[in-house]
Amino acid sequence: MKGAASNRDRSKQLSQVFVQMKLTVVPPDRSEEIVPKISEFANTQNKVNAADFFSNHPFHIRIEQFSRSVIFTAREGERHDSKWFYERSRGQFINARGRLTPAQQKKFDLEFPKAQLFSKTDLAKFDYSAAGHPDLVSKGAQKNFAEFAKEIGEAWAKSDARYDELWYRRLIAKAIIFRKLETEVPKQPWYEGGYRANIVTYAMAKVFHDATSDKQVLDVDAIWRRQAVSDALLRALLVAAAEANDVITHPPAGVRNMSEWAKQQACWNGLKSRQLDYDDDFASCLTPVESVRTAARDAKAKKALTEGINAQTEVVNLGGEFWAKVMDWGKAERKLSPKDLQILQICMSMPRRVPSDFQAKHAMDVLQRMKDQGFEVEH
């Protein structure tokens, strides 16, 4: 009886305990944008690695969106165009395929060949190999990814503009090079087994390094357009791979662990400083730096035009009455600038007046801002 009374006393005491909590209600359509920011800002007092929640970073969401929409022309000898499936979180590919009927799975397999599946750590390997960090890539998928996540996070905070569709297409070109080397290195007469991962990243880094000058760079745009590595580039990559194998398997005196040697900057410096004898046709794999910049400028102009047209279409579809409600709410809450008012007045007067693409983009920005501040869209 005494024990039962004691339990009742404890229950009574606990019933009087109140724990403060914060409940944040997030709109479903904006969860992937807001939740990672809550995670990031809530953990500023603790040293939390960005890689712990980096799969929800807007960078990865954007790459996932590109991977589901950007179509690559069929390779020579193949009949079907295809896409590369970016797995932002583990199991996405299997889950997406598993929800389909057998007939739909066949279509899915043509659209997303399994050989064109890649993950976050794969993405980091592809990009850092081309960027000249084979020593970091050799430290393993997780450590390399952590460094990559940190760099992307800092760059994205300054500007996300460079991570556009063209950046994604060029990433796929790097993936094609990396995967081709993975296939070809084991076939070489000099390859004795082991260190394939190190040889691949070092060879790729070396070719990108040697191709880069003030006037020329490796023509990665040609690679994603063809979805293949040219014979001339493959020969150059294998020349670099043979040299990478030599550097990695012949460490300095006193260094016995070749895997550890490959993780050192000194190993990369050793390969980087070597003069390689590429075939004459290696020049055909290069393109002027100005051509690369022009392609980037053209891509940005095309993106701006497309975004403007899309915004204009959306503004028109919402209709003048809708924009009148946005105007009324914004004025009542004193949330609108003179420029906002001017553009919303144009939107309200549709179809007599139609906003330009620039004005439409501004109107959509105003609408998003109003939503963030409490404006509710009636369904």
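## Basis of the model

Because the model is predicted, local features need pLDDT of at least 70 and side-chain atom pairs count only at pLDDT 80 or more, whereas totals for chains, interfaces and linings use all residues. Residues are numbered from 1 along each chain as its sequence is written, and side-chain values use heavy atoms, with hydrogens and water left out.

Lysine 83 is placed in the loop between α3 (58-69) and β1 (85-87); helices (H or I, at least four residues) and strands (E, at least two) are DSSP runs, numbered from the N terminus. With a relative accessible area of 11%, lysine 83 is buried, a term that means under 20% relative accessible area, while exposed means over 50% and partly exposed lies in between (1.4 Å probe, protein chains only).

The side chain of lysine 83 makes a polar contact with the side chain of glutamate 111 at 2.6 Å, and a polar atom of the lysine 83 side chain also lies 2.9 Å from the backbone oxygen of arginine 68. A polar contact here is a pair of N or O atoms within 3.5 Å; within protein, one must be able to donate a hydrogen and the other to accept it, and residues adjacent in sequence count only if both atoms are side-chain atoms. Leaving aside residues up to four places away in sequence, lysine 83 touches several residues, including Ser67, Val70, Phe112 and Gln116, where contact means heavy atoms within 4.5 Å.

## Salt bridges

The structure holds 21 salt bridges, each being a side-chain nitrogen of Lys or Arg within 4 Å of a carboxyl oxygen of Asp or Glu.

Aspartate 109 is partly exposed at 32% relative accessible area, and arginine 97 is partly exposed at 26%.

The side chains of arginine 369 and aspartate 340 form a salt bridge at 2.4 Å, N to O, and the pair links distant parts of the chain, with arginine 369 in helix α18 (residues 357-372) and aspartate 340 in helix α17 (residues 338-348), 29 residues apart. Arginine 369 counts as partly exposed at 31% relative accessibility, whereas aspartate 340, at 3%, counts as buried.
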